[in-house]
Amino acid sequence: MSKSNRMLKCLFPCCSGRPMAPTGVRINVSHQYVLIDNGIIQLVLSNPGGIITGIQYNGVDNLLEILNKEDNRGYWDIVWNDPGKPGIFDVIKGTKFSIIQQDDDQVEVSFTRMWDPSLQGKAVPLNIDKRFIVLRGSSGFYTYAIYEHLEGWPDFSLGETRVAFKLRKDKFQYMAISDSRQRVMPLPDDRIPPRGQPLAYPEAVLLTNPINPNLKSEVDDKYQYSCKDKDIKVHGWISFDPPVGFWQITPSDEFRTGGPLKQDLTSHVGPTTLAMFMSSHYAGQELSPTFTNGEYWKKVFGPVFMYFNSSFDGSDPTLLWDDAKVQMQIEVESWPYCFPASDEFEKAWQRGSVSGTLLVRDRYIDDGDIYASGAYIGLALPGEAGSWQRECKGYQFWTRADEFGNFSICNVLTGDYNLYAFIPGFIGDYKFDSTISISSGNDIYVGEIVYEPPRDGPTIWEIGVADRSAAEFYIPDPSPIYVNRLYINHPDRFRQYGLWDRYTELYNENDLVYIVGESDYTKDWFFAHVNRKSDDGSYKAATWQIKFQLESVDQNSTYKFRVALASAALSELQVRFNDPTIQKPHFTTGLIGRDNSIARHGIHGLYWLYNIDVQSSLLMQGENIIYLTQTRTNSPFQGLMYDYLRFEGPPVKN
């Protein structure tokens with residue numbers, strides 16, 4: 001696409017496409033506050049801190065919690081630490097305010113906090129520039145930030161950064177994060193004894209005497225409302241009196257970390273709404289970047305859009321939700337925005353694209369190449385195949401292939417990338433051989449590329465679906481005393497609290513035994529390999545068995561046992577073939593994983609793939625048994641989730 005065409009693409013949706021409102025944007029600056037008003041919303045920011053202290057809309061003097069202190073209503077924050085030191089939570093307050101752009105159509109303001117050596121150990125060693133934008137005729141505002149670590153500055157780790165909003169609890173009590181995940185929520189007071197009873201960890205509370213009696217005996221936990229990054233595009237809250245919606249819209253994933261399947265928080269009791277940019281949730285410290293040896297780093301987070309809407313009918317929350325989804329789609333189609341004033345945010349004409357066709361070659365499935373239908377294909381910083389899921393310093397750009405494996409990744413920032421892919425139905429990760437360098441206006445066509453997934457021989461048996469999730473396995477009903485009614489008969493039933501202890505209740509005498517050819521993994525394979533709870537409250541290792549028949553064993557040959565894990569939390573998988581008594585296992589993963597997906601109601605975390613050689617001497621004609629033991633037993637949350645298991649015969653000679 002030419003530079004002129006890219007400029008037209010940018011100008012139409014985000015500039016020309018907005019109706020011209022009769023009232024221009026005005027700004028008023030005082031010693032303590034910056035007030036920006038476009039006749040629809042009025043945004044109040046502290047001066048020079050850049051804390052969001054007030055949002056006036058539709059006759060409501062402030063949508064944010066007026067009972068909170070001004071610096072605990074709306075803010076950017078960061079969690080960081082010096083090497084070897086504990087994490088520090090820091091609400092980012094600017095030290096200098098400036099107006100970047102001011103006219104009837106747009107006001108953009110900046111709140112900066114610059115680092116110098118006198119702040120070492122007291123403030124994160126970053127220059128931070130927080131920006132806020134209000135456009136004419138827009139029912140909301142945009143915010144983004146630029147973080148910069150200069151060469152030679154001190155080492156540090158970055159655990160989390162986000163924008164948080166604390167809304168008025170007297171108004172916003174209905175939350176919506178998807179079409180099927182909406183509900184009236186508890187109040188924050190309901191989580192505090194005696195109204196709430198703490199459960200196994202602080203985030204989970206049993207509502208024993210909530211203010212709304214309809215919520216009695218439910219469990220509340222903010223992690224029950226997590227989503228995959230690819231699906232976190234709009235979420236928020238609804239007030240019924242007056243009928244007003246408060247929505248957080250994220251039009252692009254490019255500035256998030258860990259790829260499209262990375263899970264994170266959305267909205268939860270507070271009422272709180274988050275725009276998460278970076279965290280270790282469902283991944284562990286591998287998704288917390290560490291900056292060493294004075295390396296240079298700069299990244300733009302956002303812009304994200306805070307959208308407000310209203311209706312005449314307060315009885316139907318879907319009206320505001322449906323309108324928010326429409327606005328979300330408008331924002332997505334307008335990306336990348338053309339109005340941010342910072343040169344650090346590249347506009348459409350400055351970016352490039354990559355396209356091609358991805359095929360799969362597995363001669364044990366098909367003699368010809370297979371279209372990589374539905375493949376996830378993305379660009380991320382150069383690394384090994386699959387490194388994108390642990391990559392947390394750069395930008396990532398992902399798309400889905402069509403039914404013929406065709407893909408196009410648009411609006412890619414300039415820079416060097418590897419092209420990665422993973423394909424539902426196939427194990428492993430693809431990486432294109434060459435580094436891809438994107439320059440402004442550069443459209444790269446890679447042609448037909450072929451992924452050859454791990455395969456040595458024909459499939460003897462398999463368990464599960466290779467999709468990096470344990471959702472296809474058996475997920476039990478929760479204990480009747482630990483229910484979130486939203487997830488009863490819901491596709492996300494795995495988000496119920498306490499499912500880890502259901503294993504011991506269901507397998508109260510013997511551990512799981514799966515018989516190939518007889519068992520059904522949707523009914524007979526528990527979704528998580530967790531520890532068994534003892535009568536004294538301690539936990540002990542659970543050993544699962546896979547029983548299968550071999551009509552014959554090809555002597556002096558090597559079979560292959562492939563184990564794809566969807567999650568691991570401080571766990572160790574040991575594998576033994578036909579002899580559970582040997583002290584040294586035939587294979588062990590060693591201690592792996594910190595994604596905590598079992599405790600946080602995720603059906604997956606990080607992906608792990610193990611390809612285990614099985615010598616024919618370990619097998620026998622007739623019945624064989626594979627013993628799977630998760631050996632780490634200090635906590636009920638130590639365990640793993642399987643994605644897919646496959647046992648292959650020796651290679652077929654041809």
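A network of salt bridges links D456, K560, R562, D613, R646 and E648, where a salt bridge is a side-chain nitrogen of Lys or Arg within 4 Å of a carboxyl oxygen of Asp or Glu. This is a predicted model in which local features need pLDDT of at least 70 and side-chain atom pairs count only at pLDDT 80 or more, while totals for chains, interfaces and linings use all residues. Residues are numbered from 1 along each chain as its sequence is written, and side-chain values use heavy atoms, with hydrogens and water left out.

E648 is buried at 0% relative accessible area, and R646 is buried at 6%; buried means under 20%, exposed over 50%, and partly exposed in between (1.4 Å probe, protein chains only).

By this rule, the salt bridges number 41. One of them joins D189 to K169, with the closest N and O atoms 3.4 Å apart. D189 sits in the loop between β13 and β14 and K169 in the loop between β11 and β12, so the pair ties together parts 20 residues apart in sequence. Here, helices (H or I, at least four residues) and strands (E, at least two) are DSSP runs, numbered from the N terminus. Both partners are partly exposed, D189 at 33% and K169 at 24%.

The buried residues are L499, W500, D501, R502, Y503 and T504.
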